[in-house]
Amino acid sequence: MPTRVKICGITRPQDGLAAAAAGAHAIGLVFHPASPRYVTASQARDIVAALPPLVSVVGLFVDAAEGEIRDLLAQVPLDLIQFHGAEPAPDCRRFGRRYLKALHARPGADLAAAAAPYDDAAGLLLDAFVSGVPGGSGQTFDWAAVPAGLPRPLLLAGGLDAGNVAMAIRRLRPWAVDVSSGVESAPGVKDAQKMGMFMQAVREGDSPHG
Ligand SMILES: O=C(O)c1ccccc1NCC(=O)[C@H](O)[C@H](O)COP(=O)(O)O
């Protein structure tokens with residue numbers, strides 16, 4: 001099965017289109033106001049409207065209030081919600097939507113134990129832990145910390161780029177890889193050439209001859 005790719009932190013319709021043209025299966029929209037990749041509901045709608053069909057749209061929140069998330073869900077057609085903070089499982093479930101739960105790989109963290117409560121998640125996204133930066137840090141983490149038997153499909157994130165993603169795929173065989181800063185020319189500005197190189201590197205990671 002080819003590794004799925006989510007390109008996160010899309011802020012402009014042309015970047016969403018370029019991600020889809022490069023072959024991304026999903027894009028991520030960051031609804032966390034402190035992020036350089038933050039988009040409003042109106043910007044998000046414009047990005048979604050520009051996308052071709054069959055590209056999934058993931059909306060990201062970081063410990064957002066329930067009302068804020070419900071408000072956003074009413075305004076933007078999202079396929080999945082990604083909880084990227086310390087949201088407990090009941091808070092992720094209460095919207096009745098498919099969700100991804102991000103877990104941060106703090107040094108020494110027991111990721112299998114951290115993942116256990118989210119047994120109904122559509123997937124578990126493992127990201128680097130960087131104090132004060134909930135996501136999009138561009139930092140990798142020690143892949144040896146990834147547990148062998150996660151309860152849900154693994155989405156690998158954290159500092160991936162065209163130079164390391166093939167190695168990550170060969171080593172961990174994740175369901176999907178997730179990238180943000182590794183395909184940017186500046187925070188929040190995606191680079192079509194880097195996205196193309198990233199997708200090519202994913203294919204190399206998937207290839208039995210790679
Ligand atoms: O990208 C952000 O700015 C961001 C802000 C707050 C929460 C999550 C955020 N991004 C989440 C993602 O899924 C990123 O793709 C993931 O953290 C990997 O980012 P990177 O290391 O830059 O590839």
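**Figure 1. Right-handed crossing of helices H6 and H7.** In this predicted model, the crossing of H6 and H7 is right-handed, a crossing being right-handed if the near helix is turned clockwise from the far one by less than a right angle, and left-handed if anticlockwise. Contact is made by Val-165, Ala-166, Ile-169 and Arg-170 of H6 with Phe-198, Ala-201, Val-202, Glu-204, Gly-205 and Asp-206 of H7; two residues are in contact if their C-beta atoms, placed from the backbone, lie within 7 Å. The axes of H6 (residues 165-172) and H7 (residues 192-206) come within 7 Å and cross at roughly 30°. Axes are lines fitted to C-alpha atoms, for helices over the stretch in contact, with angles from 0 to 180 degrees between N-to-C directions. H6 and H7 are therefore roughly parallel to each other, the term for angles under 35 degrees. Helices (H or I, at least four residues) and strands (E, at least two) are DSSP runs, numbered from the N terminus. Residues are numbered from 1 along each chain as its sequence is written. Because the model is predicted, local features need pLDDT of at least 70 and side-chain atom pairs count only at pLDDT 80 or more, whereas totals for chains, interfaces and linings use all residues.

**Figure 2. Packing of helix H1 against H7.** The axes of H1 (residues 13-22) and H7 come within 9 Å and cross at roughly 25°. H1 is therefore roughly parallel to H7. Ala-18, Ala-19 and Ala-22 of H1 meet Ala-192, Met-195, Gly-196 and Met-199 of H7 in this contact. H1 passes H7 in a right-handed crossing.

**Figure 3. Buried residues of helix H1 and their cover.** The buried residues of H1 are Asp-15, Gly-16, Ala-18, Ala-19, Ala-20 and Ala-22. A residue is buried if 20 or more other C-beta atoms lie within 10 Å of its own, exposed if 12 or fewer, and partly exposed in between, with C-beta atoms placed from the backbone. Their cover includes strands E1 (4-8), E2 (26-30) and E10 (189-190), together with helices H2 (41-50) and H7. Just after H1, Gly-23 takes a positive phi of about 115°.

Figure 4. Leu-73 is placed in H3 (residues 66-75). With 16 C-beta neighbours inside 10 Å, Leu-73 counts as partly exposed. Leaving aside neighbours within four places in sequence, Leu-73 is in contact with Leu-78 and Phe-95. The C-alpha atoms of Leu-73 and Ala-41 are 9.2 Å apart, across a sequence separation of 32 residues.

Figure 5. Asp-119 is exposed, with 10 other C-beta atoms within 10 Å. Residues up to four places away in sequence not being counted, Asp-119 touches Pro-151 and Arg-152. Asp-119 and Arg-152 are 33 residues apart in sequence, with 6.5 Å between their C-alpha atoms.

**Figure 6. The chain as a whole, for orientation.** The chain has seven helices and ten strands. Its radius of gyration is 16 Å, close to the 17 Å that the globule rule gives for 210 residues, so the chain is as compact as a globular protein of that length; the radius is taken over C-alpha atoms, and the rule is 2.2 Å times the number of residues to the power 0.38. Buried residues make up 43% of the 210 residues.

Technical notes:
Angles under 35 degrees count as roughly parallel, over 145 as roughly antiparallel, 65 to 115 as roughly perpendicular and the rest as oblique.
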